[in-house]
Amino acid sequence: MTVTAFSATTTLLTKKPTGTSFLPEETIDRAKAGSPIEKIKLEKDGSAAWVDVYEYARKIREGEMSWEEVEKADLDTRLKYVGMLHRNKRTPGQFMMRLKVPNGIVNSDQMRFYASCVEKYDNGCVDITTRQNIQLRGVRLEHADVIIEGLHARNQTSFQSALDSVRNVVGSPLAGIDDQEMVDTRELCNALNDLISLDPATQTRGNPAYANLPRKFNIAISGSRDDYAHTHINDIGLVPTPHAQTGVMGFNVVLGGYMSIKRVAESVDSNMWIPADRNSVVTLCEAILRLFRDESDRKDRQKARLLWLVEKYGVAAFKEAVIQEVQSYQRGVTIEDAQPLPTTPFQRRELLGVHPQPQEGKMRVGILVPVGRLSATECRQLADLADQYSAGEIRLTVEQNVILPNVDATRIDALLQEPALTSKDSRFQVNPGFIEGNVVSCTGAEFCGLALIETKANAAAMGQELEKLVKVDRPIRIHWTGCPNSCAQVQVADIGIMGAPARKEINGKKVAVPGCKIFVGGRIGEDAHLAIDPVQEAVPLEDLIPELVKILKSEFGAVDVLVDKQN
């Protein structure tokens, strides 16, 4: 759906109901006795930020106020409803702006726009996230309205992308270009994105119906048995599964996967199956969101995630509550019991490199973006490549890389010779090593006040160093996260590095040094498994490489590069 861009006066937006107005009285009463965040939202609805951000930007530009004078609850909390997260501890007065990029599909014009948004800042950059999403870093409040207007003019938004909102809807990066595809996830991701963040009354971004959730909420739709969307760590995961009797393609529904400081949990089988059509998918998600919005915990934010509500009901009772909610909408949607999953052998495929598509004469080209970070120049380089080879289209992956789809097979050699991919100064690679090409990293201490260590630079350097030391015969996924929130999902990685306190003897004294915990054995795909407990703790970062070499040899069959060359 094309969104009508609106002017900075936001006339339509001021007439919207509040997010709180959609809550039952019982929910509001619980919010009144709830967490400090709930009280902030009751004092002034979070949806007010859709208007306030324009006023703040104007006043700061015109010298009527400074960013320091913004009300603290707005600065640190409510502005998150327009996707703006203040990084006061690391970069005072600057924000990370999180977008919504359903199914991780962007185009060259959008990529160039991101570059123009961040290049004016000394530390401005663009990050690809583990939700196929885009984050703009370094943004100042006085420029926010211009960026928001530019996004809306390009059919994107930052609204409802942070705090107690539904996060970016993840789909298959190979949607529509995959010979193993079971469901094309593009239309479904876009439909859910519109359900969540498009006001049906005004056709503008910002949907108050979902502007006061108890906590964040994640949805992932997988399109093939590869499960590139990682359904097992999302609140709602849709797993493509044909109906055993009719053969109709649909989804088994898994619920409640998430990661936090206090709990990490895989999703649970809900024993529900729906057809893979737009009406069924939107109706199911809307029903679950309504139950979550109105019934989940409003006091303890650690327990305000969907899994806690499912456990409170019990899986069978929650399923029945969802069925009753769906039936009340009278849309003809039927929920059946979960269907048997395929049992034939299947190996998860790689996204980096050059691969044929089912479309005759077309190829997809996966390009490594080290730790997902892009400069303004690199954004433009990707845009130029997309314009020349993939009709301006760029796909983002949860591994923080990009795919150029629909490249003519006859032009692959020319693409691979492009300076952006071959220059010694370029960080992009089409065929990186099995270790370097599979490093994922959260933001780290450069920007995030929660991070205990710097992750991006360390992770990239580690990948390069390990490639020099050992050789492996398959991709080894190494994820870095700066704190126990596990934004980089270390529990799904072959090897996960989590920032943690450590001490080391220096000049005869034990002193605090940057350190980490190490997790081993996470899996993704059909046999997904979370590595819940660390195998090592309090490892100083400067001692990490030797420890990783030992793990790579003992657990993943790595051999020394020098020994391998001699053989």
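R298 and E38 are both buried, where buried means under 20% relative accessible area, exposed over 50% and partly exposed in between, using a 1.4 Å probe and protein chains only. Their side chains meet in a salt bridge, with 2.9 Å from N to O; that term covers a side-chain nitrogen of Lys or Arg within 4 Å of a carboxyl oxygen of Asp or Glu. R298 sits in the loop between α8 (278-295) and α9 (306-313) while E38 belongs to helix α2 (residues 36-43), so this pair ties together parts 260 residues apart in sequence. Helices here are DSSP runs (H or I, at least four residues), numbered from the N terminus.

A quick word on the ground rules: this is a predicted model, so local features need pLDDT of at least 70, side-chain atom pairs count only at pLDDT 80 or more, and totals for chains, interfaces and linings use all residues. Residues are numbered from 1 along each chain as its sequence is written, and side-chain values use heavy atoms, leaving out hydrogens and water.

Back to helix α2, for K41. D164 forms a salt bridge with K41, their closest N and O atoms being 2.6 Å apart. Because D164 lies in the loop between α6 (144-153) and α7 (186-197) and K41 in helix α2, the pair links parts 123 residues apart in sequence. D164 and K41 are buried.

Now for E64 and R58, whose side chains meet in a salt bridge at 3.1 Å, N to O. E64 is partly exposed, at 47% relative accessible area, and R58 is partly exposed too, at 25%.

Salt bridges also link up: E43, K44, D52, E71, D74 and R78 form a network of them. Searching the whole structure turns up 50 salt bridges.

Notes:
Helix = DSSP H or I, 4+ residues; strand = E, 2+ residues; numbered from the N terminus.
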